[in-house]
Amino acid sequence: MPEVDFIDTQVAREDTRSLVEKARDRLILGGCQVALFAAFLVGIALEDTILVTGFLLLLIAGAIGWGRMPKLNRWAGARLAKDKRFARLVLIALLAVFPFVFLDNPYLIHLGALAAIFAIMALGLNITLGFCGLLDVGFAVYFAAGAYMSSQLAVMFDVSFWIGLPLGGLTAAFFGFLVAWPALRVSDHYLALVTLGYGLIMNLLHRNFTFLTHGTDGVINIPPPSIFGWDFVTPIEIGDLELPFQMNFYFLALIIAVLTIFVSIRLRDSNLGRQWEAIREDEVAARCFGVNVRRLKIIAFSTGAFFGGIGGAVFAHMIGFVHPDNFVLLTSIMILAMVIIGGMGNIAGVVVGAVALTLIPERLREFEDLRMLLFGGALVLIMIYRPQGLFPNSRRRRELQAEKINTLIAQSGRDDAEAPGLPDEVKV
Amino acid sequence: MFETWIQQLVNGLTIGGMYTLVAVGFTLFFGVLKLINFAHGEVFMLGGFTGLVVAWLAEDLGLQSGLLIIFLMFVISMGVCAVIGALMERFAYRPVRGMPVLIMLVTSLAVGIVVREAVKEFFPEGANPHAFYSPFKYDSFQLGSVVLDYTQIGLILSSIVLVYGVYLLVAKTWVGRAMRATSEDLDAARMMGIDVDIVIRNTFFLGSALGGVAGVMNGLLYLSIRFDMGWVMAIKGFTAAVVGGLGNIYGAMFGGYIVAAVEVLVVALIPEGSRYKDVFVFLLLIVVLVFRPSGLLRAPEKKMG
Amino acid sequence: MLKRTLLIISTVLMTGLLLGSQASAQSYKLYVNLPLSGPWSSFGEGMFNSFKLAIDQGNASGVMGKVKLEVVRGDNAGDSAQAASLATKAGADSKVIGAFCCWSSGLALATHAIYNRYRLPTILGGSNDHRSTRPFHKSAVIFRNSPYDLINMKMLATYATNYAKLKRIFTIDDNTAFSVTQVNEFTKAAVKLHGKGRIIGRESVQLGEKDFTPLITKLKTMNPDAVFYAGHMVEAALFRQQMLKLGLNVPMMSSGGVFSNTYIKVAGKASEGTLASFWGLPLDHYPEGRGTAFVKAYDAAKFQDPFESFGPMAHAAGQVYVQAVARLAKAGKVTRKALLAELNKGQYKTTIGDFGFDEHGMLDILHIGIFRVENAKWKLLYRTDRAATKFQKIAD
């Protein structure tokens, strides 16, 4: 990717800070990251419902406050841009430390692994939806394809997880390819409805094709992955310390998630990514410039589905049980919500969305029925007040605001110039 | 054998009538707002629950006349649902009007979740099924060996009458003309001096009131209601609306009967067909969307580019 | 910056509070994993309350000495993925020494391997599928205090073919693990007794469906003399009503998913004559008036929801834990391992009778009966023995 390298060298050349300044900047940046991460750890370790609620409210207040301080925002952004690589390394290190903090509470490590798995899937949907702009309301289909393929291979034919994992991904990609064909002929609402119908049909088939999926019994006794005879449910022992086995899954999921992020970034910055973006922005224009829309859409569906399948395979082997209930419409909506809330097209945002939507409902378990009500209400509010997601990618934000303003203008019946209270950003 | 088929026809007409009443709402909302309002299923469910509350109140007040109670159930449910629909529009859909499809879609799904969970949480014993009131309980009569009951006849007739009424309203009245104009082009309609907000609100009044009728009908016919009955009806309802052509009022009725026909035929003709009934319905949905996106009733559009 | 500082300070304070509040010794947790929200919550709430009642009674009576038991309210919403997640949570918490699980068969199938992974003793309440206990799988920690579907369905099949003399039975499942297995086992048992002729067909419905008239019209042409509907109560009530409306006036048989007073309430008059085989007895059939004592205690505790059909079993599960832990407390060693050993060998005095667990973890007494709805009440017709061969007639 020559362009990317070019930009990187540009940044490197501009960096004229002395070594001391650099070290100081990095210290501050790293310190901030560690502090935020510590706050996050405290947050997920909270057990009491009232405390969790309080924490969430603080979080929301913090997010709103953060949004209200554009200067601070820009300053932090600039800091981050200068030391991007360093920041990434710190983050990965922190994530690697995470399970060691909770050695006596393996459930949190399990949750961490679950969050990583959903991040993989959300990143997959982000390719289809965020990069190429193709609505897919049936993402659970690919989740299911990966989970069923790899688990059934393991249960029925004793195939190793390491073979089942890519095969699961490929099966899911095939299912993505399958829906791409009808999906090519429709767009917008119709595309959403086609994928929705696809999801509903596939879920019925999961229930009824007993010979493939064990129907409503689900696939049970799925063996954990193993390497050279050591399987993932055997805890690793270092001296006297027995590390909980959830950690094995956590690192497996984390490594795959990091790989997925890496692939996502490369895809986004590649020629392919640019063409996808062109299709998302204006399909007709893209076609005029010689973009092979048909082929690229099929690739987008299949690639997105592939990661859905990978996530599904890891999920199946971690939980040890796969059931059609895991792949209902609500699952699709959840994954969709992760992408939207995080900010379509923004890789970091999507990951944050996935982590938040995996952990928060889990922490609010004591609310029981009220949980779904809160989820629905929060989703409505986010759609109304922040449709671009918490961390939008910059172009999308402008698009959405422009559209909102257009409607505002149209509603107020005034001219563009007279429209009141336009945020500055729109005038770019 | 012949009588069995007549019975299946009656069954199909009943199911189709129910789908029609729900589908009309979907088609109206899509017409004016280009929105698939998934929360419409929950409005339908609310209609059922409102009817039940009315019946409880009537019992407390000592009302004896079954017909009067039914009349009250319909009127009050229609009113409540119309208001709720309009509130949904005002507070959830208006802020996202004109946004990308995905945002509107997710908003409607989320609104649906809120309504459903609220009923489950705040209605007394909301998670449990509730037996519904009906003066016609178990009253059915036979023609030959074909069984019918009054509720079924009422449902079939009212679905036809209401659809025709909505058609008249949309085709012949000033209100309807404003609706059609809005559905053609929202901005142009506004420029012509139509208050688009009011038109959209009226549409939600109308569609949601019909949803309320369907909810009460459903209770009367099946004698029990539950908080999660809306979603099942929503997916069938929008399938019917799509099959008939979104935005087309007669299409909703046509689609309702087609979907019902598919269900009945699959169950009747295929051994163990009951298992795959919905698969066929959703396949129909996809096939129609792909090959005749404007519905079976209209000529296929010329493909662009 | 101020905001972030505030955030950090407040979270630190919160952790302090949290750690301070968690310092009580000799307290152990029992983790409940039930559908406390979602469409099945009425069953889940009834079981949870009954279980909690037994633990509260145990704590109050002081039989466990210094040891106190605490019930953790785990809600799986009837969803197997959430149930699996809760099982992991229970297993990973070292303060948890026992679990009470599931209500539905699918949930038990989803979780047993996880409980086994953590060696966490688990009593199933209600989950009827034989595959969730030994010898049908390797998980050694699962106990059940109600018999499984093999016995249950054998009894129903024997009753249907030998006692009610039904010749043409049509079976219907509702596409859940519980229901599909029941139909499979029922069919197997009937075929074993009389060859293939007695079961004339099988269809399936979906949860949430309301109109079964096309299916029933089709059934009518096949002239069944009974329908076995192995599903859940809401759909069963609708199915029964529509059967009668369309003039298919033959007995409907069902099982644990339908055996509930809610079914009678929803189906109304149509419920009369519905048959069910259920792994429990009317409360006045339990020994020494313990059933009625349970009802009194339950009413006195003023729970919001009724205890439903699985309440007595859940109460018994709680009593088993209390008595087992009391013995462990005397020996001075309350651990999962000790509890597991105790459950495997001990005898317990509970609401549903005095029993112990056999080598496969199933209770060694049998409460199973054929019921019929009469005058809006479930009436017990027959009881049977463990092999479901000898029948004891209670009423007509």
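The structure is a predicted model; local features require pLDDT of at least 70, side-chain atom pairs count only at pLDDT 80 or more, and totals for chains, interfaces and linings use all residues. Residues are numbered from 1 along each chain as its sequence is written, while chains are lettered from A and ligands numbered from 1 in the order in which they are written.

Chain A holds 18 helices and 4 strands. These are DSSP runs numbered from the N terminus, with helices (H or I) of at least four residues and strands (E) of at least two. Of its 428 residues, 45% are buried, meaning that 20 or more other C-beta atoms, placed from the backbone, lie within 10 Å of the residue's own.

Chain A splits into domain 1 (8-12 + 17-101) and domain 2 (106-385). The bounds come from an automatic or database domain assignment. The domain centres, taken over C-alpha atoms, are 26 Å apart. In chain A, 9 residues of domain 1 contact 13 residues of domain 2; contact requires C-beta atoms, placed from the backbone, within 7 Å. On the domain 1 side, H2 (19-45), H3 (49-68) and H5 (84-101) of chain A each supply at least two residues. H5(A) gives the most, with 4 residues.

Helices H12 (residues 271-281) and H14 (residues 293-319) of chain A have axes that come within 10 Å and cross at roughly 105°. Axes are lines fitted to C-alpha atoms over the stretch in contact, and angles run from 0 to 180 degrees between N-to-C directions. A:Gln275, A:Trp276 and A:Ile279 of H12(A) meet A:Val293, A:Leu296, A:Lys297 and A:Ala300 of H14(A).

Terms used: Two residues are in contact if their C-beta atoms, placed from the backbone, lie within 7 Å. A residue is buried if 20 or more other C-beta atoms lie within 10 Å of its own, exposed if 12 or fewer, and partly exposed in between; C-beta atoms are placed from the backbone.
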